[in-house]
Amino acid sequence: MRYNKLFNSLKERNQLAYIPFLLLGDPTEELSLKLIDTLVKNGADALELGFAFSDPVADGPVIQAASLRPLTNGFYVDAGFKLISQVRAKYPDLPIGILTYANLVFAPGIEQFYDKAARSGVDSVLIADCPVEERDLFSAAARNCSIDTVYIAPPDAGPSSLELIANYSQGYTYVLSRKGITGTENSQQETGTDLIEQLKQLQAPPLVQGFGISKPEHVLQAAEAGVDGIITGSAIVNLINEHYNTPDKMLDLVADYAKTMSDAAHNARHQLKMVHTIEKGSNYVDSGNNQTAAAGNGTAS
């Protein structure tokens with residue numbers, strides 16, 4: 001329900017959703033909550049939160065390194081759910097998703113995991129190493145707890161997989177910008193408009209693009225491709241990795257970055273519309289001399 005309200009509201013304003021990712025409990029429980037507050041205050045429309053895990057196969061070295069801190073501090077899944085409960089109490093309308101791995105769901109028991117997620121106020125769960133073809137492992141427990149299940153649409157997904165993803169993903173659809181692992185070291189985007197159009201034709205839930213989205217120009221590319229939102233993760237986590245020993249500086253840098261990316265997401269479609277208008281050479285009136293000038297070439301008509 002929260003995702004529906006969010007995407008409907010953003011659609012009315014012709015904006016993309018900005019969804020940042022953070023590891024719960026990193027670098028400490030107290031600073032983790034402050035980081036979440038910072039992201040929300042600087043334009044986050046929803047949150048994607050992760051539990052520290054010793055073998056995060058979909059994540060690059062930035063998030064792998066960050067995972068060591070909560071694990072060293074003994075901040076595990078139950079502590080993460082308690083922190084989410086605090087976030088939910090502060091932000092009752094904010095969509096909150098979990099991005100995690102199957103082992104962390106199996107460990108406490110599938111039903112128990114989803115029950116705790118629901119009680120803490122979680123809206124969706126994305127299990128990074130569970131493709132849609134294996135959905136029956138978790139879908140019943142998620143459904144019983146009214147938790148949306150999100151699936152990943154990779155750039156090389158075939159027609160049958162895309163149809164399953166469109167049919168079974170809930171809340172939103174996670175569209176990968178490229179194959180591989182998370183991180184900003186390779187920001188080349190492989191996902192083209194064909195995949196986006198196929199998912200739209202299949203009436204998939206709102207399309208949110210992640211992996212390699214770290215700069216405003218990447219947001220413009222995502223908007224051009226036709227997605228409904230973007231997720232940034234490694235760029236934020238990298239700021240934490242570099243500055244967690246100076247918390248005030250860390251929070252300031254994360255605030256600046258979140259503001260930059262949220263502004264890019266909220267303005268991307270408007271910016272593209274202006275660019276396309278100029279490229280088409282639309283006319284405007286020069287009030288200085290009351291002549292009509294071509295915006296495309298600046299010459300008087």
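Author: Let's start at proline 27, which lies in the loop between E1 and H2. Those names are DSSP runs (helices are H or I over at least four residues, strands are E over at least two), numbered from the N terminus. This is a predicted model, where local features need pLDDT of at least 70, side-chain atom pairs count only at pLDDT 80 or more, and totals for chains, interfaces and linings use all residues. Residues are numbered from 1 along each chain as its sequence is written, and side-chain values use heavy atoms, with hydrogens and water left out.

Reader: What makes the peptide bond from aspartate 26 to proline 27 cis?

Author: Its omega, which is near 0 degrees. Most peptide bonds are trans, and most residues other than glycine have a negative phi.

Reader: Which phi does asparagine 14 have, then?

Author: A positive one of about 60 degrees, although asparagine 14 is not a glycine. Asparagine 14 sits in the loop between helix H1 (2–12) and E1. Serine 146 also has a positive phi of about 60 degrees without being a glycine, and its loop runs between helix H7 (139–144) and E5.

Reader: Why is serine 146 called exposed?

Author: The cut-offs are on relative accessible area: buried is under 20%, exposed is over 50%, and partly exposed is in between (1.4 Å probe, protein chains only). Serine 146 has 64%, so it counts as exposed. Asparagine 14 has 31%, so it is partly exposed.

Reader: And threonine 38, why does that one count as buried?

Author: Because its relative accessibility is 13%, threonine 38 falls in the buried class. Threonine 38 is in helix H2. Leaving aside residues up to four places away in sequence, threonine 38 touches Leu251, Val254 and Ala255, where contact means heavy atoms within 4.5 Å. Lysine 41 is in helix H2 as well, but at 69% relative accessibility lysine 41 counts as exposed.

Reader: How do helix H2 and helix H4 cross?

Author: Two packed helices are described by the angle between their axes and the distance between the axes. Here the axes of H2 (residues 29–41) and H4 (residues 77–90) come within 11 Å and cross at roughly 35 degrees. The axes are lines fitted to C-alpha atoms over the stretch in contact, with angles from 0 to 180 degrees between N-to-C directions. From H2, the residues Glu29, Ser32, Leu33, Ile36 and Asp37 meet Leu83, Gln86, Val87 and Lys90 in H4. By class, that contact has 4 nonpolar, 2 polar and 3 charged residues. Ala, Val, Leu, Ile, Met, Phe, Trp, Tyr, Cys and Pro count as nonpolar, Asp, Glu, Lys and Arg as charged, and the others, Gly among them, as polar.

Reader: What makes E1 and E2 a pair?

Author: Two strands pair if DSSP finds at least two bridges between them. E1 and E2 have 3, in the parallel sense, and leucine 23 stands opposite glycine 50 in E2. E2 also pairs in parallel with strand E3 (residues 96–100) over 3 bridges, where leucine 49 faces isoleucine 98.

Reader: Which strands does E9 pair with?

Author: E1 (residues 17–23) is joined to E9 by 4 parallel bridges, with alanine 17 partnered by glycine 229. Strand E8 (residues 207–210) is joined to E9 by 2, also parallel, and glutamine 209 has isoleucine 230 as its partner. The chain goes from E8 through helix H10 (residues 216–225) to E9 in a right-handed β-α-β crossover. Right-handed here means that, with the strands pointing away from the viewer, the path from the first strand over the helix to the second runs clockwise. E1, H2 and E2 make a right-handed β-α-β unit too.

Reader: What order do the strands of the open sheet have?

Author: The sheet has 9 strands in the order E5-E4-E3-E2-E1-E9-E8-E7-E6, with parallel pairing. E5 (148–149) and E6 (152–153) are the edge strands, each pairing on one side only.
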